[in-house]
Amino acid sequence: MFALIKSLSMLFRPSLDDVQQRHEKYLSEAVDMCDLEARIRHLDGGHRSIYRTGPHGVFMI
């Protein structure tokens, strides 16, 4: 069963080249330096928000 799940997950995983191309396209669409810096932070942060969420949805600064 584990081998079946692993093989299915490999089928639907995007290749590294696809991800890099999407990131390059996303960064190339920046309007100015501030927008570019925000986009770089967005990619580096892994789509996390500014606030970290603690246990039970409590926001921590």
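Is Lys25 buried or exposed? Lys25 is exposed, at a relative accessible area of 54%; the cut-offs are under 20% for buried, over 50% for exposed and in between for partly exposed, with a 1.4 Å probe and protein chains only.

The model is predicted, so local features need pLDDT of at least 70 and side-chain atom pairs count only at pLDDT 80 or more, while totals for chains, interfaces and linings use all residues. Residues are numbered from 1 along each chain as its sequence is written, and side-chain values use heavy atoms, without hydrogens and water.

The chain has three helices and two strands, in the order α-α-α-β-β. These are DSSP runs numbered from the N terminus, helices (H or I) of at least four residues and strands (E) of at least two. Of its 61 residues, 5% count as buried.

Two salt bridges are present, each defined as a side-chain nitrogen of Lys or Arg within 4 Å of a carboxyl oxygen of Asp or Glu.

| Salt bridge | N to O distance |
|---|---|
| Lys25 and Glu29 | 3.9 Å |
| Asp35 and Arg39 | 3.2 Å |

Glu29, the partner of Lys25, is partly exposed at 43%. Arg39 is buried, with a relative accessible area of 15%. Asp35 and Arg39 lie four residues apart in helix H3 (residues 33-44), and are therefore separated by about one helical turn.

Helix H1 (residues 2-12) contains Phe12, which is exposed because its relative accessibility is 72%. Phe12 also belongs to a nonpolar surface patch of about 750 Å², together with Met1, Leu4, Ile5, Leu8 and Leu11. Patch residues have over 30% relative accessible area and no salt bridge; like charges are joined within 9 Å, and nonpolar side chains (Val, Leu, Ile, Met, Phe, Trp, Tyr) within 5 Å.

Methods:
Accessible areas come from the Shrake-Rupley method with a 1.4 Å probe; for residues, only the protein chains shown count as cover.
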